[in-house]
Amino acid sequence: MNIHEYQAKQLFKSHGVPVPGGGAATTEREARALVNEHGPDVVIKAQVHAGGRGKGRIVKRDRTSRMYNDLRRDPERYEGQISGRRRGGVRLASGVEEALKEFRPLMDKDSRLVSVQTGPDGAPISAALIEQQTSIAKEFYFSIQVDGANGQPLIVASAEGGQSIEEVNRTNPRAVLRVPVDPVEGFPSFRGRSLASRLGLPSSAIRPAGEMFANLYRVFIDMDASLVEVNPFVLTSEGTVVAIDGKVGLDDNASYRHGGYEEWRDRSQENPTEIEAEEANIGSYIKLDGDIGCVVNGAGLAMATMDTLKLHGGEPANFLDIGTVNRKDRVIEALRIIVNDPDVKTIFINIFGGLARVDIVAEGVVDAVKELNIQQPLVVRLNGSNVEEGRRVLHDSGIAVQTADELGDAAELAVNAAASGKRRPRSTG
């Protein structure tokens, strides 16, 4: 789960990480108070769960798709600016009136931020972070993430901050430092000082930078984060270090230890279908960009299903792990979510029943087709407990369905059905 920059900085501040003074505003009254407290020179940042805000653009809802295409086609001509004619999602202002002038377009109810990372629909702006400007002498990059290959935290840092770390790694890989962290030892300040020295920070900033790195690691551990990123943290003209940006991703699997992260969650930034799936107690649902809707039990099998679809030239429309399901209503709810996705041209159901009973899943599929009047072609692969009974249920139901025993064969059927673009005829059985 992602959180906003202003929330990340609240976490940073509570853990002793230096951040600029400021706060989030949604009304002009709040914005005026923040400028009076932290101004007159302030920076105003749109709060969305997407990157590229500074080079993104603020547009009305009906222009998001056009702007997204323009940004991808000719970024030099259309990308936003921090100050200038094409001001984007990060803006500089001096004084209350200028700040309010820059604040209003961000918080217009019909406004969206569009960047190369938001997609053509753009992102609604939940708030504006207003904070004091920082005099920057040098920018740096710092992040902590999970290294899945080694099963431990990994710190990535670079003296080339303020830009995409992927681009730095591509053009100058030696500028990117990688520091594995032993989770038993953690990342104490003395290791932070060593990293600060390797980044080329001046001697006067080594100790505060080392403490900042150690405190960012504490944020990572205390909050069960999957990512803590500061791009950039800066060496100021006065010789201090400050985290002027902040991105934190929280691990949903640990949400039970933090009250479900509800105080940090912004549902307006989430996909509505994913929220619907969560409320329907579907195991896991993630919207993707393809046209083949997938209903699978088990995360590993779901990943294998998507890989096999892509191997045969198809594109999954979602990741959906229905879990160990022995209730027809759960199958119906899963298919309701798939059917309501306008991108879905074909539905692929891939079930391996271990603890789950295949015949109950098959009964749920039959009931869903009739109740939801499903028109998309349906491809079903069943295996496992009570598989023969499940296949008999499908065969005797009268619904139009294609079946296969092998995953590759079933995936090929689904890809071909999606490519044809035809909806199946309504069953009269």
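Contact means heavy atoms within 4.5 Å. Helices (H or I, at least four residues) and strands (E, at least two) are DSSP runs, numbered from the N terminus. This is a predicted model, where local features need pLDDT of at least 70, side-chain atom pairs count only at pLDDT 80 or more, and totals for chains, interfaces and linings use all residues. Residues are numbered from 1 along each chain as its sequence is written, and side-chain values use heavy atoms, leaving out hydrogens and water.

**Exercise 1.** Work out which residues of α1 are buried, and what they pack against.

*Solution.* Start with α1 itself, residues 5-14. Buried means under 20% relative accessible area (exposed is over 50%, partly exposed in between; 1.4 Å probe, protein chains only). Finally, check what follows α1: you'll find Gly 16, with a positive phi near 85°.

**Exercise 2.** Describe how α12 packs with α13.

*Solution.* First, get the geometry: α12 (358-372) and α13 (387-397) pack at about 20°, with axes 7 Å apart. Axes here are lines fitted to C-alpha atoms, for helices over the stretch in contact, and angles run from 0 to 180 degrees between N-to-C directions. So α12 is roughly parallel to α13 (angles under 35 degrees count as roughly parallel, over 145 as roughly antiparallel, 65 to 115 as roughly perpendicular and the rest as oblique).
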